[in-house]
Amino acid sequence: MKPSEIIDHPFAGAYAKRLGVKTPWQGHLPGPKMEAWRFTPLRTLANTPFVPASASAEVDVTELPRGVPLIAGAARLVLVNGAYREDLSDADFGPGVTISTAEAFASSSRSPLALLNAAYASAGVSIDAAGPGLRPIHLVSIGAAGAEPAAFHPRLRITVAPGASLTIIESHVGLPGQTYFSNPVTEIALAENANLRRYVSVAEDSEAFHLATATISIAAGGSLEAFHLGLGGALVRQDITVRFAGRGAAARLNGAYALSGRSHHDFTTVMDHNVPDCRSSQVFKGVADGDSHGVFQGRIHVARDAQKTDARQLHKALFLSRGPEIDCKPELEIYADDVQCAHGAATGEIDHDQLFYLMSRGIDPATARSLLVEGFLTEAVDEISVPEVQALFRDAIGAWLKSRDIARARP
Amino acid sequence: MALLEIKNLHASVAGKEILKGITLSVEPGAVHAIMGPNGTGKSTLSNVIAGREGYDVTQGEVLLDGKNVLAMSPDERARAGIFLAFQYPVEIPGVTTSAFLKTALNAKRRAEGKTEVDAMEFLKLVKAKTAALGMPYDMIKRALNVGFSGGEKKRAEVLQMTLLEPRLAILDETDSGLDIDALKVVSDGVNALRAPDRAFLVITHYQRLLDYIVPDHVHVLAHGRIAASGGKDLALELEAEGYAKYLDTAA
């Protein structure tokens, strides 16, 4: 998006800042009166005095933070405060993958946060993949604020050429005890018959903000398999839009979240069926403890010409105590008549019959609850088709469970 | 000392009294059958002993090896040696049978002051037990009871019982939903567990199961009380004559 296109938008002011004029962006964040942001208030974000995060030199990050897995066989690409860090990244991404940093490229999203990103992002990182036998990529985005709260705006573009198949794992983390705001925008284009597996883990520090906007367009015959894991952060939103651009395209968009403390996670998805013969399925499962807040907003849009669309969506959540709030808002907008669309939502507590069954075998209540929660989330993680990643995400959930006392959360 | 001692047990569900004074003493090594028509409190009795919530004991005692069972949580009761084979085993999605069995087995071993079994020992143990029950070993890789047939679920219950080696096993309508072949396999599994230091409470509506698991004592439960007790012949008599006379006299 060019500055001239958004000149009437409040963030035009932010664009001005890029040119050297100081304009506060925090007065222009979406508010609770905007339907899409009703469940995710940005007051705290607006009231935190952020400075632009330092891109490289002064940031003392020489190794990956704890908890970031080393993924055998994957080429590592590290961003610190949104900027590509060659020194922490692998030098060789293997044949067929080109990494380039460029001046911020256009994004198709016009969401306020994407515009904010457009205004502030310094350089974008492009991953262009083509050809067979591509090496998986492990993208690690690290937030490192320093003494003052810092904001950064990673900008990513991923293209997968016709017939090519790429796997990317993203770990979004931060240095402990720091307040930062990560506002990534990801633009993904899958060409005809291209295939992308994208596994995103957001485990930001407990004081961190993370508002991500991703737009994925899939050409004819292309397919996306995505999994989004939400484990940490004060305020996290993963905004994912999938646009079907050609016949026979398919998307599986799944996710899981496990929330504690005052953590807030929002998954907002849009499945935009504009052409016939495409399939989309979504399975999101979450558990919430403490005073946390989980949000799932899933919109399925089927245009009049998008006949033979098959679109499914399921969100299930468990309360682990009386404190959390979970909001679920499925939206189906269907204008075609020959389609199969289904959505389901269920929110409840741990099943008493299941709990009794486990306890009747001598398993103490805390362990029984842990097993049930793990089993509940595992069902979603099982949707991941790469066994190594499945194990990785399962371990991350296991570690989350260990860090909590589920027993104390007994209602 | 009796292994299980039930003294004047009264219990109600949602304010309605279901058990109205049950007294029963079970010696080690014995198999007691509890028979009776539907709705007389057979399942309530098993649930009260196992500690399911929603049942209020208003009077009486349940002692296992002289210890007050009613003061224990369900998991404590299980570790003390009570095992309830469920009429309807609960499906636990996402939890593999193997992970569940290992957790349960080690919980019991810890309680007994034994070392936990490691992965290798565990697999060896389960391999032997599943083979003895005619179960495919791969079954333990599946989510617990999820998608199991009626017969598979009951076999899985017996597998758990075999691994946990309880002092007192309660079989709640274990024969329901089983065809004759599955019934035989399950019964063989139970019979193999009969031991001088172990007792069974076999709860059933039909006499059929007792052809395979032959009881030492048979009790008729009617209107929340034990209306009659006898040897294994009592079961045959019930099969021939029905429960009508107990319902009439107890009413």
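Two strands count as paired when DSSP finds at least two bridges between them. Keep that in mind, since strands come up a lot here. One caution before we start: this is a predicted model.

β18(A) has a partner in β20(A), which spans residues 310–319. The two run parallel, and 10 bridges link them. You can pick out facing residues along this pair: K285(A) sits opposite K316(A) in β20(A), and S280(A) sits opposite A311(A) in β20(A). β18(A) also pairs with β16(A), residues 250–259, again in parallel and again through 10 bridges. Here Y257(A) is the residue facing G286(A) of β18(A).

While you're tracing these strands, here's a handy general point: in a regular strand, side chains alternate between the two faces of the sheet.

| Strand pair | Bridges | Facing residues |
|---|---|---|
| β16(A) and β18(A) | 10 bridges | Y257(A) and G286(A) |
| β18(A) and β20(A) | 10 bridges | K285(A) and K316(A) |
| β3(B) and β10(B) | 5 bridges | I34(B) and I203(B) |

**The sheet they belong to**

**Chain A as a whole**

In total, chain A holds 6 helices and 22 strands. Its C-alpha atoms fill a box of roughly 65 × 55 × 45 Å along the principal axes. A compact globule with 411 residues would have a radius of gyration near 22 Å, and chain A agrees with that at 21 Å. Of those 411 residues, 57% count as buried. Chain A exposes about 16,100 Å², and carbon and sulfur atoms supply 50% of that area. Among contacts with a separation of 6 or more in chain A, 84% are between residues 24 or more positions apart.

K329(A) is part of strand β21(A), residues 325–334. Is K329(A) buried or exposed? Its relative accessible area is 12%, so K329(A) counts as buried, because the cut-off for buried is under 20%. Apart from neighbours within four places in sequence, K329(A) is in contact with E35(A), R38(A), F39(A), F296(A), Q297(A) and G298(A). K329(A) and T268(A) are 61 residues apart in sequence, with 9.3 Å between their C-alpha atoms.

Q238(A), in strand β15(A) (residues 235–244), is buried too, with a relative accessible area of 3%. Beyond its neighbours within four places in sequence, its contacts include V200(A), H228(A), D266(A) and T268(A).

**Over to chain B**

How many residues does each chain bring to the contact between them? Chain A gives 21 residues and chain B gives 29. About 2,000 Å² is buried between the two chains, with carbon and sulfur atoms giving 67% of it. On the chain A side, F356(A), Y357(A) and R361(A) lose the most area to chain B, together making up 40% of what that side buries.

Chain B has an open sheet as well, built from 6 strands in the order β6-β9-β10-β3-β11-β12 with mixed pairing. Its edge strands are β6 (82–85) and β12 (225–230) of chain B, each pairing on one side only. Ignoring direction, neighbouring strands in this sheet are turned by 20° against each other on average. Inside the sheet, β3(B) (residues 31–35) and β10(B) (residues 199–204) run parallel and are joined by 5 bridges, with I34(B) opposite I203(B) in β10(B).

Methods. Residues numbered from 1 in each chain as written. Chains lettered and ligands numbered in written order. Predicted model: local features only at pLDDT ≥ 70, side-chain atom pairs only at ≥ 80, totals over all residues. Heavy atoms only, no water. Helix = DSSP H or I, 4+ residues; strand = E, 2+ residues; numbered from the N terminus. Rg over C-alpha atoms; globule rule 2.2 N^0.38 Å. Buried < 20%, exposed > 50% of the residue type's maximum accessible area, 1.4 Å probe, protein only. Contact = heavy atoms within 4.5 Å. Areas by Shrake-Rupley, 256 points an atom, 1.4 Å probe, with all protein chains shown as cover. Buried area = accessible area lost by both parts, 1.4 Å probe. Axes fitted to C-alpha atoms, helices over the stretch in contact; angles between N-to-C directions.
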